[in-house]
Amino acid sequence: MDYQERLKNFSESFIFLISNDKVQHFPARDLTQAEMIQRVKEKLGEAVTWSLWQGFVIAVNSEKTCVAVLPKYHQLDGF
């Protein structure tokens with residue numbers, strides 16, 4: 001299975017954190033957009049860069065060592 005097929009399987013109910021040595025997921029089913037932003041900043045730090053990648057909103061920490069993928073969002077409005 002290639003990475004694009006794997007991305008299709010990412011559930012909108014989670015935030016996925018991807019670093020060099022691991023992939024983690026955290027529940028996000030009932031979070032509002034503001035709550036999701038706060039949760040990402042708790043994990044990555046306050047200085048995050050928001051972007052789009054493969055149709056998903058992502059956040060990258062300032063050291064560029066960890067990426068959060070938010071499968072629920074497909075546009076940067078509000079980030």
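**Group meeting: contacts and rings in a predicted chain**

Hi everyone. In this chain, 42% of the contacts (heavy atoms within 4.5 Å) with a separation of 6 or more are between residues 24 or more positions apart. This is a predicted model, where local features need pLDDT of at least 70, side-chain atom pairs count only at pLDDT 80 or more, and totals for chains, interfaces and linings use all residues. Residues are numbered from 1 along each chain as its sequence is written, and side-chain values use heavy atoms, with hydrogens and water left out.

Now the fold. The order along the sequence is α-β-β-α-β-β-β, with helices (H or I, at least four residues) and strands (E, at least two) taken as DSSP runs and numbered from the N terminus.

On to the rings. Rings of Phe, Tyr and Trp (its six-membered ring) pair if their centres lie within 6.5 Å; planes under 30 degrees apart are stacked, over 60 edge-to-face, and the rest tilted. That rule gives four aromatic pairs. F10 and F16 are stacked, because their centres are 4.1 Å apart and their planes meet at 15 degrees. F16 is buried at 10% relative accessibility, while F10 is partly exposed at 21%; buried means under 20% relative accessible area, exposed over 50%, partly exposed in between (1.4 Å probe, protein chains only). Ring pairs also bring F14 into a cluster with F10 and F16.

What kind of pair do W50 and F79 form? A tilted one, 4.9 Å centre to centre with 45 degrees between the planes. W50 sits in strand β3 (residues 48–53) and F79 in the segment after β5 (66–70), so this pair ties together parts 29 residues apart in sequence.
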